[in-house]
Amino acid sequence: MSNQQAKTIKKDSADVLNYKNLAAKIEKKSAVIGVVGLGYVGLPLAVAFAEANFHVTGIDADPQKVSKLNKGISYLLDIESERLKATVKSGFLKATTEGSALRRADAIIICVPTPLTKTKEPDLSFIVEAANLIARYVRSGQLVILESTTYPGTTREVVLPLLESTGLQVGIDYFLTFSPERIDPGSKKFTIKNTPKVVGGMEPHSTKLAAMLYKHVSEKVIEVSTPEAAEMDKVFENVFRSVNIAMVNELAKLCERMNISVWEVIKAASSKPFGYMAFYPGPGVGGHCIPLDPYYLAAKAKEYNFHTRFIELAAEINETMPEYIVTSTIEALNTTNKSLKGSKVLILGVAYKKDIEDLRESPSERILELLMERGTDVSYHDPYIHEVKIHHKTLKSIKLDKKALSSYDCVVIATDHSSYDLDFIIQNSKLVFDTRGCTIPRKAANLIRLGE
Ligand SMILES: NC(=O)c1ccc[n+]([C@@H]2O[C@H](COP(=O)([O-])OP(=O)(O)OC[C@H]3O[C@@H](n4cnc5c(N)ncnc54)[C@H](O)[C@@H]3O)[C@@H](O)[C@H]2O)c1
């Protein structure tokens, strides 16, 4: 036997051995899971695995989150403290700021942020930092999974080289997979359990191991052939939403001019049982996905000398919606002989969508900024967000009562939180501008709606 043949046989057996050992640990639930980043994505995932009786260690750079988690105090609306307390008490979940905890983990899942830079370029610094941290502790027999949303190629071009710099080889010593997170914050209907999970590994064993792992928390796992397919799937899902929301936002503006209710049109179109899916207009898109992901894809496409015109146009239309809402507020105030400057305007809801406490990229923040720049006396209310900083000024959520409502020249419903008593709001306000269609089918002389 030549040296080369002997080496190949040795490597093949290491590959199979590492795969089989890890597969057995996953099967028996003795695999220890490390979750890097305990935010909106990482915390629910860590809790789900702990509830499935896996020992989970969450690693987060924020000591406050770590301390709260270890005390069983939740910092997210989607995870009740009682639930968190039970998983911490059971001994299956704990958190630390110490990266060295990764040494014990058999599977490491990366759930760190993927923001944009000031010039709207992908900022992969959190992924790079997390991958460098893992590279410090990676060992034979581990599975590393990237869940952060990013452009196709990140797992292979960014994470892999950092892990390979340790001398370990993917598919032989350790395994590497991309699996996009698909949480729907605030939703009681869609959970990790009933939302299919997509996995795409660097090689077949990486895919298989990730699929085996996720089957313990998700009813359905879909395997794709590469990390790139899984990465593209995630950005495509979000770009699909961005494009459709932009289209319906444009339609809402046209409907206003044509004196047609866009809401009535959407309701009628929704009766078609095939070939149509309802999207709704609003003050713009928010959160850590839909406003950002089109730019991730657009940036990567440029490497291929490809310009994603359609996708960028959609992002642009959605981004101009807060300005449109401000213009519409000016027009609404005009009908009461008031100008925007000097008027008192109340924004209801600053979270980027209903029933959540996430302010990131929220269109309400932009609306508040624009109103402030135009000399408006602005206030806001949000049941979940107690203060916001706009142009270096801290605003605190007001107490929402009859007296307060009646003191504003215009009340703008920017986020349709379920807790809002819409009849009470309409009855006690001088003027209400509904940007979400949540007041339908109400009609009142002081009520106007986007898209009508
Ligand atoms: N929020 C959503 O609805 C959602 C849905 C699907 C996908 N995603 C994607 O998931 C990823 C995470 O998003 P999120 O909303 O959970 O973000 P988040 O900001 O809520 O949480 C990220 C966490 O990572 C921690 N962190 C950052 N760098 C770290 C490091 N080097 N080591 C340890 N911890 C670190 C932060 O302290 C924070 O707690 C993003 O790529 C996002 O696009 C988010």
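This is a predicted model: local features need pLDDT of at least 70, side-chain atom pairs count only at pLDDT 80 or more; totals for chains, interfaces and linings use all residues.

Trainee: What distance separates the centres of domain 1 and domain 2?

Mentor: The domain assignment of the protein chain gives domain 1 (3-225) and domain 2 (264-449), with bounds that come from an automatic or database domain assignment. In the interface, 15 residues of domain 1 are in contact with 16 residues of domain 2, contact being C-beta atoms, placed from the backbone, within 7 Å. Taken over C-alpha atoms, the separation of the two centres is 35 Å.

Trainee: Which helix gives the most residues to the shell around the ligand?

Mentor: The ligand is surrounded by 28 residues, the closest being Gly-37, Gly-39, Tyr-40, Val-41 and Ser-148; a residue is near if its C-beta atom, placed from the backbone, lies within 6 Å. Domain 1 and domain 2 each supply at least three residues of this shell. Helices (H or I, at least four residues) and strands (E, at least two) are DSSP runs, numbered from the N terminus. With 4 residues, the helix giving the most is H5 (residues 125-137).

Trainee: How does the shell around the ligand divide by class?

Mentor: Ala, Val, Leu, Ile, Met, Phe, Trp, Tyr, Cys and Pro count as nonpolar, Asp, Glu, Lys and Arg as charged, and the others, Gly among them, as polar. By these classes, the shell has 15 nonpolar, 8 polar and 5 charged residues.

Trainee: What is the relative orientation of H10 and H11?

Mentor: The axes of H10 (residues 293-303) and H11 (residues 309-319) come within 10 Å and cross at roughly 150°; axes are lines fitted to C-alpha atoms, for helices over the stretch in contact, and angles run from 0 to 180 degrees between N-to-C directions. Angles under 35 degrees count as roughly parallel, over 145 as roughly antiparallel, 65 to 115 as roughly perpendicular and the rest as oblique. H10 and H11 are therefore roughly antiparallel.

Trainee: What is the handedness of the crossing of H8 and H11?

Mentor: H8 (residues 227-258) packs against H11 at about 55°, with the axes 8 Å apart, and the pair is therefore oblique. A crossing is left-handed if the near helix is turned anticlockwise from the far one by less than a right angle, and right-handed if clockwise. The crossing of H8 with H11 is left-handed.

Trainee: How many nonpolar, polar and charged residues form the contact of H5 with H6?

Mentor: H5 and H6 (residues 154-164) pack at about 35°, with their axes 8 Å apart, in a right-handed crossing. Ile-127, Val-128, Ala-131, Asn-132, Ile-134 and Ala-135 in H5 meet Thr-154, Val-158, Val-159, Leu-162 and Leu-163 in H6. The division of these residues is 9 nonpolar, 2 polar and no charged.

Trainee: Which residue has a positive phi although it is not a glycine?

Mentor: Most residues other than glycine have a negative phi. In the loop between H10 and H11, a phi of about 55° belongs to Asn-305.

Trainee: Which peptide bond is cis?

Mentor: Most peptide bonds are trans. In the loop between strand E14 (432-434) and strand E15 (447-449) lies Pro-441. With omega near 10°, the cis bond runs from Ile-440 to Pro-441.

Methods. Residues are numbered from 1 along each chain as its sequence is written. Two residues are in contact if their C-beta atoms, placed from the backbone, lie within 7 Å.
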